[in-house]
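My notes follow in the order I took them.

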Amino acid sequence: MAVKILSVDDELPLESLLRQYFRREIRSGQYEFLFAHNGREALDVLSENPDIEVILSDINMPGMDGLTLLAKVNEMRNPLLRVVMVSAYGDMKNIRQAMNKGAFDFATKPIDKDDLQQTIDNAIAEIEHERQLQKEHTQLESLKTDLNGAREIQQYILPRVFPPFPDVADVVDIYASMEAAKDIGGDFYDFFRLDEEHIAFTIADVCGKGIPAALFMAVSRTTIRSQAALHHDPAECLTESNKMLVSYSVDCMFVTVFYGIYNTRTGLVTYSNAGHNRPYVVRSNGEVEMIPRMKGCALGLFVGKPYLENTLQLNAGDTLYMYTDGVNEAMDSSSEEFGNDRMADILKGTTAMECRQVVDSMRKGIRDFVGDAEQSDDITMLVLKRK
């Protein structure tokens, strides 16, 4: 489309001069000139042609001068409109005043065609740059809206009702939280009933952040849930889940997973670990211990050896604390990590706490440690306690 240029000047011969100077650009459809003879006429033309991009305005005109027109144009706040002042070289005082008040550039009379051509080209280039910035801003706003929607969906698919199983709330306490480092995260937690006596639970951390991690997170959660319904052994559940996630994985994405089954009657935890951080057990007497190391790579990398399985006995008052590496690797402004020792020290004081209080206590410890440092990774915790 032709760039619309409005020439505002009370010297009538200027109209013919501009048509002659830019006859090729006009014939080729590159430029379209419109004309007004003072500021008032110019405002009328602008009202009828809101797509005008460049104004070439004289300063000294009857009715409304160029400086007043410039002020009126500024009030329109149109970022895609540039004003070039055209006046005699000896009128530098007014030209300088116009530049101070927001004119894009100036040209002097008698008009030099090449100089004016360059000035118009510069104005058009800046308008195109502004148009591109607006386009990118619109795209970013659209993406932000999409991310907000994705965050709400992601939060919705994670269990949020506590206590989750009121019929066994007198024998087991469960609480979990996930704080994404970005708009959406790659961590997740989950828990669900397998039967009257058994509760399945999992905590996981997808490699990477942002939208790809969030999508793989949703696929991983659904896969583990579906396999848990078919395979009540944790090791078998992870083995079969891994086979499926390997086929789903793109760009070598993977997810570390700790998956367990809790017997609400006996307090026995049967679990399997796919490359995830080892949970802590907080005993009722205040002792804190990390569960034994277990071989098993993250899900989604390759189909290899079957996953292993182990058991853990929780006695009355014992707590199982699970977390992602956003907890122990949280960093302060000097890049020092929160670390496992600080975690263990906080857990020692949680023996009498409910699971929600354990999470709140760890959150406070992390906040106090990192201070004003930006959160670099998702922070997810899952706590289970035998009452």
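Entry 1. I looked up D167 and found it exposed, because its relative accessibility is 53% and the cut-off for exposed is over 50%. The model is a predicted one. The side chain of D167 forms a salt bridge with that of R193, at 3.0 Å from N to O. D167 sits in the loop between α6 (113-157) and β6 (172-179), while R193 belongs to strand β7 (residues 187-193), so this pair ties together parts 26 residues apart in sequence. I noted R193 as partly exposed, with 28% relative accessibility.

Entry 2. I then went to strand β6 and looked up E179. Its relative accessible area is 31%, so I put E179 down as partly exposed. E179 meets the side chain of R363 in a salt bridge of 3.0 Å, N to O. This pair links distant parts of the chain, as R363 is in helix α11 (residues 355-370) and E179 in strand β6, 184 residues apart. R363 is also partly exposed, at 22% relative accessibility.

Entry 3. Next I checked R265 and E197, whose side chains meet in a salt bridge at 3.2 Å, N to O. Both ends are in loops: R265 lies between β9 and β10, and E197 between β7 and β8 (198-206), so the pair ties together parts 68 residues apart in sequence. I recorded R265 as exposed at 55% relative accessible area, and E197 as partly exposed at 30%. I also noted a network in which salt bridges with shared partners join D9, E11, D58 and K109. How many salt bridges does a search of the whole structure find? I got 21.

Entry 4. Is E25 buried or exposed? It is buried, because its relative accessible area is 12% and the cut-off is under 20%. Setting aside neighbours within four places in sequence, I listed the contacts of E25 as Q30, Y31, K113 and Q117.

Entry 5. Last, I went through helix α8 (residues 234-248), which has 15 residues. From first C-alpha to last, α8 reaches 21 Å, close to the 21 Å expected at 1.5 Å a residue. I listed its buried residues as P234, A235, C237, L238, T239, S241, N242 and L245. What covers them? The cover includes α7 (210-230) and the strands β9 (255-263) and β10 (268-274).

Note on methods:
Residues numbered from 1 in each chain as written. Predicted model: local features only at pLDDT ≥ 70, side-chain atom pairs only at ≥ 80, totals over all residues. Heavy atoms only, no water. Buried < 20%, exposed > 50% of the residue type's maximum accessible area, 1.4 Å probe, protein only. Contact = heavy atoms within 4.5 Å. Helix = DSSP H or I, 4+ residues; strand = E, 2+ residues; numbered from the N terminus. Expected span 1.5 Å × (residues − 1). Salt bridge = Lys/Arg side-chain N within 4 Å of Asp/Glu carboxyl O.
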